[in-house]
Number of protein chains: 2
Amino acid sequence: MNKPLIITISREYGSGGHAIGQKLAEQLGIPFYDREIITMAAQESGEDEVAFEQLDKGMSEYAYAFSLLDANNQNDRLFVIQAQMIRKLAERGSCVIVGRCADYVLRDCASTYNIFIGSSSIKKMERVHKKGLFRRESMSPDAKLKEIIEMDKRRSVYYNHYTGRTWGDARNYDLCIDSSRVGAGACAVILAYIEQSERML
Amino acid sequence: MNKPLIITISREYGSGGHAIGQKLAEQLGIPFYDREIITMAAQESGEDEVAFEQLDKGMSEYAYAFSLLDANNQNDRLFVIQAQMIRKLAERGSCVIVGRCADYVLRDCASTYNIFIGSSSIKKMERVHKKGLFRRESMSPDAKLKEIIEMDKRRSVYYNHYTGRTWGDARNYDLCIDSSRVGAGACAVILAYIEQSERML
């Protein structure tokens, strides 16, 4: 492959999309970006890194609460600077980018592969539990399920607000994979898609 | 693989989903069912085959027009008898089933793989044009695009009406593939998903 290979990954909370992206980048020997985009964006734009990272952590929560009330808040600034950083990274060469509406930000970049990773609620709960990421481990299964649904709702509201598209609608992505049945094996499926696509060029 | 392998394929109009399903069935050496389910359902239920096939041809149009007005019409009867046939076929053994809400009909069958095939509007228009399926070949590109959108809208309304789910929402399927970039190469992607999944069992 001579042209750069840019892969964006959108993912449900607890679907393992971050780990799948990481493994994919390793297998392809190309850089992997997720939250580090924030630090890089802060550094390149001269913003306060710590403040930016804190904003990012609360980002989806803020966007969820205020998206319809305040269209010109600090989240918008974060989104714009982050989008500039994503475009710079894509120009620099092949990479895997997780989250941050990168599929939308790079929509005019024809060689980008846009992937969505979902999973069953049960598998997502297992994964989040295993990683100790629930607010309280003593929560009831119902409360844990509610937390998963809430996290996905935030991602959905954030994505829909900034892109005008529908998060998880198959028509926005080249490939959508339910990771429940394949786990990190999703990498092999993504690679098969890319291989078939490169053959058609 | 010892247990039967059931693959359902939902597809956008002009995405090549039918051909992909057919090729997949050939590669796996298992039966392929699309419209023939109607004939089989008519034969097994003692209904008039020709009347049933005509009903099927107009099915999505009727469902589109009447879904909200008349919940107990002849389409409902067709849907029920068709669903019974789909369940019988799945019990008989491995197969590929295209359309007919088979993913929903077989929702309790854990070993089913549910695939959605989409494509870009341009590629869908090219494909429908190539197959001579536009109402009039002299139509303007705008009118052709409108026809594609209309066909997909009918499929969507039909699916949503009978399943209570959202057609093309990635969360209903194991794998959603945009065939624009891979064509019949989608088969290799589906096989990669099944292989990875079987490894996890």
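The structure is a predicted model, in which local features need pLDDT of at least 70 and side-chain atom pairs count only at pLDDT 80 or more, whereas totals for chains, interfaces and linings use all residues. Residues are numbered from 1 along each chain as its sequence is written, chains are lettered from A and ligands numbered from 1 in the order in which they are written, and side-chain values use heavy atoms, with hydrogens and water left out.

Chain A contains 8 helices and 5 strands, where helices (H or I, at least four residues) and strands (E, at least two) are DSSP runs numbered from the N terminus. Along the sequence, these elements of chain A follow the pattern β-α-β-α-α-α-β-α-β-α-α-β-α. Of the 201 residues in chain A, 54% are buried; buried denotes under 20% relative accessible area, exposed over 50%, and partly exposed in between (1.4 Å probe, protein chains only). Among the contacts in chain A with a separation of 6 or more, 69% involve residues 24 or more positions apart, a contact being heavy atoms within 4.5 Å.

In chain A, helix α2 (residues 36–45) packs against helix α4 (residues 74–92) at an angle of about 95°, with the axes 9 Å apart. The helices α2(A) and α4(A) are therefore roughly perpendicular. Axes are lines fitted to C-alpha atoms, for helices over the stretch in contact, and angles run from 0 to 180 degrees between N-to-C directions; angles under 35 degrees count as roughly parallel, over 145 as roughly antiparallel, 65 to 115 as roughly perpendicular and the rest as oblique. The α2(A) side of this contact includes A:I37, A:I38 and A:M40, and the α4(A) side includes A:L78, A:I81 and A:Q82.

In chain B, helix α4 (residues 74–92) has 19 residues and spans 27 Å from its first C-alpha to its last, close to the 27 Å expected at 1.5 Å a residue; the expected span is 1.5 Å times one less than the number of residues. Buried residues of α4(B) include B:L78, B:F79, B:I81 and B:M85. Just after α4(B), B:G93 adopts a positive phi of about 145°. Helix α2 (residues 36–45) of chain B packs against α4(B) at about 95°, the axes lying 9 Å apart, so that α2(B) and α4(B) are roughly perpendicular.

Over all chains the count of disulfides is 0, a disulfide being a pair of cysteine sulfur atoms within 2.5 Å. For B:C95, the closest cysteine sulfur, in B:C109, is 9.2 Å away, too far for a bond. B:C95 is buried, at 1% relative accessibility. For B:C101, the closest cysteine sulfur belongs to B:C176 at 15 Å, likewise too far for a bond. B:C101 is also buried, at 5% relative accessibility.

B:C101 lies 59 residues from B:N160 in sequence but 9.3 Å from it in space, C-alpha to C-alpha. B:N160 is located in helix α7 (residues 141–163) of chain B and is partly exposed, at 28% relative accessibility. Residues up to four places away in sequence aside, B:N160 touches B:R165, B:T166 and B:W167.

B:S111 occupies the loop between α5 (102–105) and β4 (112–118) of chain B and is buried, at 16% relative accessibility. Apart from neighbours within four places in sequence, B:S111 is in contact with A:R181, B:K3, B:P4 and B:I6.
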